[in-house]
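Visitor: I would be grateful for a close look at the pockets of this protein, with particular attention to what lines them.

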Amino acid sequence: MADTVLPGIVDHHVHLGLVDHGLLAGGPVVEVHDLGWVPSEVLALRASPPAGVRVRVAGPFHTAPGGYPSGRSWAPDGAVRAVADAADVRAAVGDAVAAGYDLVKVALNASMPLLPDDLLAEMVEEAHAAGLPVGVHAEGSGQAERAITAGADVLVHAPWEPLSDAVLERGRGMTWISTLAIHAPGDRQVAIDNIRRFRALGGTVRYGTDMGNGPTPVGLNEAEVLALGEAGLGGPELLAALCGEHPGGVPDERLLTSPLPVPTTAAEAVAWFRSARRLVAC
């Protein structure tokens, strides 16, 4: 049997400042999206990434004064940008545009101070006017629904609080980043159930690991792939979640090859990417 070829993996949620990112070089992950870190550090990594890896960045966490993740031991002060009023919103989005961020990240955690609805909506409106999508960390009762109501484009974690079908229907045009493997079993099952129902409404799910959140592997996260399978993804939908969509074709340097057949299940995908090698050496 001839070798098969697929695009490499895109991890849509990482924190490069919390891992030995050099371990990504030449592996099956060809693109990572850093969703919150010190801007100068991640912009430097985007300019000089690990070999064979494209880096996209969201700059800092935008949050209310004292909001998540302020004060967390893993979050440097420079990774958090407080937004207190409309002037702060305009300045934050202006800086995002000037720096060339790929996404504006907003953090909502109900256990800490929260952006009010008007500033959250204004953040989304300003970013959209500037041509930037908005990704929201939504944690705690009602926060995913607030992100949906505000018109955010991405939930950077599949929600792990139960969401009603009515809320899912309102948010079905969003993209959810999976990050299932970081959760304890109970929260993981809630998130998986949400994903199943979200997908049934036409929602889009993308592979993301929250790399750096605890002892996550640097590279292919097999537990995350298997969790996507448990949420019902298989065949072309699973490959799109793992590898993204490439309507204009895929450059050779982003392709992988394996002696295994093209996978149709999560378990087969784990085996395929475990065995894969770069089509073109980095």
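Guide: The structure shown is a predicted model. The lining of the largest pocket comprises 8 nonpolar, 6 polar and 7 charged residues. At least two lining residues come from each of strand S2 (9-14), strand S3 (29-34), strand S4 (54-57), strand S10 (175-177) and strand S11 (204-206). The space in this largest pocket amounts to about 460 Å³. Its lining numbers 21 residues, and those closest to the centre of the pocket are Val 10, His 12, Glu 31, His 33 and Arg 56.

The second largest pocket holds about 300 Å³ of space. Here 19 residues form the lining, with Tyr 68, His 137, Ile 182, Asp 210 and Asn 213 closest to the centre. Two or more lining residues of the second largest pocket are contributed by strand S7 (104-109) and likewise by strand S8 (134-139). Sorted by class, the lining of the second largest pocket consists of 6 nonpolar, 9 polar and 4 charged residues.

Val 5, Leu 279 and Val 280 make up a nonpolar patch on the surface, and their accessible area together is about 210 Å². Of these residues, Val 280 lies in the segment that follows strand S13 (277-278). Val 280 has a relative accessible area of 35% and is therefore classed as partly exposed, since that class lies between the 20% limit for buried and the 50% limit for exposed residues.

How values were computed. Residues are numbered from 1 along each chain as its sequence is written. This is a predicted model: local features need pLDDT of at least 70, side-chain atom pairs count only at pLDDT 80 or more; totals for chains, interfaces and linings use all residues. Side-chain values use heavy atoms; hydrogens and water are left out. On a 1 Å grid over the protein atoms alone, a cavity is a set of points where a 1.4 Å probe fits but cannot get out, and a pocket is an open set with protein on both sides within 12 Å along at least five of seven lines; lining residues have an atom within 4 Å of a point. Grid points are joined across faces, edges and corners, and a volume is the space filled by probe spheres set on the points. Helices (H or I, at least four residues) and strands (E, at least two) are DSSP runs, numbered from the N terminus. Ala, Val, Leu, Ile, Met, Phe, Trp, Tyr, Cys and Pro count as nonpolar, Asp, Glu, Lys and Arg as charged, and the others, Gly among them, as polar. Patches are made of residues with over 30% relative accessible area and no salt bridge: like charges are joined within 9 Å, nonpolar side chains (Val, Leu, Ile, Met, Phe, Trp, Tyr) within 5 Å. Accessible areas come from the Shrake-Rupley method with a 1.4 Å probe; for residues, only the protein chains shown count as cover. A salt bridge is a side-chain nitrogen of Lys or Arg within 4 Å of a carboxyl oxygen of Asp or Glu. Buried means under 20% relative accessible area, exposed over 50%, partly exposed in between (1.4 Å probe, protein chains only).
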